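Student: I am new to this structure and would like to go through it with you. Could you please bring it up?

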Amino acid sequence: MALLPKIFLESVVAIGTPGTNNIMAWIGTGFVYGYPTGNKDAEGNNLYRVYLVTNKHVIDGQKDLWMRLNPEEGKPGQDVHLGIRSDSGESMWHYHKDPSIDLAVTLLNLQFLRERKLQFGFVEDDNHVVDRQQLKDGGLTAGDPVYVLGFPLGRIGKDRLYAVCRGGIVARCSEWIEGRGKEILVDATVFPGNSGGPVFAGFYFASVTGTKIRNKSEFIGVVQSYIPYTDVAISQQTRRPRITFEENSGLTSVIPADFLRDIIRDIETKYSTPPKVSSS
């Protein structure tokens, strides 16, 4: 029995930049997100505009970006160049109106990807995503299972791209659901490289009496970063601080799906005919 649909795993891509000797340094995670156009193809499948999503801090200051996808037929992973600015100098990435929201979104050139027979799935906005009101109605609470996908420490796989899945639980969500904060906290350890990865609430068939059963996994947000804590080494002789250590607390800040939808709806308003792809 699978706990995560295969399409979720296939939506995740590694994001990198050329490092020393042009060896790719994998610095973050992204994922493909589909927004419905309201139209259907000849077989009756919904059509989607498709975007790449990651953190703003992953792409900030970078002069060259690439993503890795898997080709069909089991061939080794292929690196695809990502534009940063258009020929006119305009940024090809879009951000939230609130500068504190650490998200970046860009349209994908689907014809280019299809011609090269590159495989990918995508998170479907109308089928896989839950916003704040839906989380409230569905009874999401601390202790519920979550899954975090990405590439901690740049571990993307040897020949082909393989996302790392880490399980955890919701550590705190009431602050977001009640409109008193901008994040969901999960108890799932992430590392540099996980930034920009998708987070899914898991399903469960048994629950406390009076609470709702979740019967499918759903997208709830995007990894921002782990939350650090600091410890200070004190000199036994002088009693003064000598060294400060920063450690990973095991808590992760997750940007809720609502903020991603804000950005994409702004793009939808700006562009009338982005690329389309069938859900099949």
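Student: Which residues does leucine 260 touch, not counting residues up to four places away in sequence?
Tutor: Leucine 260 touches Phe31, Tyr33, Val53, Leu103, Val105 and Phe219, where contact means heavy atoms within 4.5 Å. Please note that this is a predicted model, in which local features need pLDDT of at least 70 and side-chain atom pairs count only at pLDDT 80 or more, while totals for chains, interfaces and linings use all residues. Residues are numbered from 1 along each chain as its sequence is written, and side-chain values use heavy atoms, with hydrogens and water left out.

Student: Which residues of the largest nonpolar core touch the most other members?
Tutor: Those are Phe31, Tyr33, Leu103, Val105, Leu135, Phe219 and Leu260, out of 48 residues in that core. A nonpolar core is a set of buried Ala, Val, Leu, Ile, Met, Phe, Trp, Tyr and Cys residues joined through side-chain atoms within 4.5 Å. Buried means under 20% relative accessible area, exposed over 50%, and partly exposed in between, with a 1.4 Å probe and protein chains only.

Student: Now the pockets. What is the volume of the largest pocket?
Tutor: Its volume is about 430 Å³. A pocket, on a 1 Å grid over the protein atoms alone, is an open set of points where a 1.4 Å probe fits, with protein on both sides within 12 Å along at least five of seven lines; lining residues have an atom within 4 Å of a point. Grid points are joined across faces, edges and corners, and the volume is the space filled by probe spheres set on the points.

Student: Which residues are the closest to its centre?
Tutor: Of the 18 lining residues, they are Met92, Thr106, Leu107, Leu108 and Asn109. Strand S5 (78–82) is one of the elements that supply at least two lining residues, and S5 has the largest share, 3 residues.

Student: And the second largest pocket, which residues are the closest to its centre?
Tutor: That pocket holds about 270 Å³ of space. Of its 14 lining residues, Leu9, Glu10, Asn70, Leu161 and Tyr162 are the closest to the centre. H1 gives the most to this lining, with 3 residues.

Student: Glutamate 10 again: which residue does it form a salt bridge with?
Tutor: Glutamate 10 pairs with lysine 6, their closest N and O atoms being 3.6 Å apart. A salt bridge is a side-chain nitrogen of Lys or Arg within 4 Å of a carboxyl oxygen of Asp or Glu. Because the two are 4 residues apart in helix H1, about one helical turn separates them.

Student: Is lysine 6 buried or exposed?
Tutor: Lysine 6 counts as exposed, at 60% relative accessibility, whereas glutamate 10 is partly exposed, at 34%.

Student: How many salt bridges are there in the structure?
Tutor: There are 10. One of them joins arginine 49 to glutamate 268, with the closest N and O atoms 2.7 Å apart. This pair links distant parts of the chain, strand S3 (residues 46–54) and helix H7, the two residues being 219 residues apart. Both arginine 49 and glutamate 268 are buried.

Student: Which residues are linked in a network of salt bridges?
Tutor: Asp125, Asp131 and Arg261 are linked in such a network.
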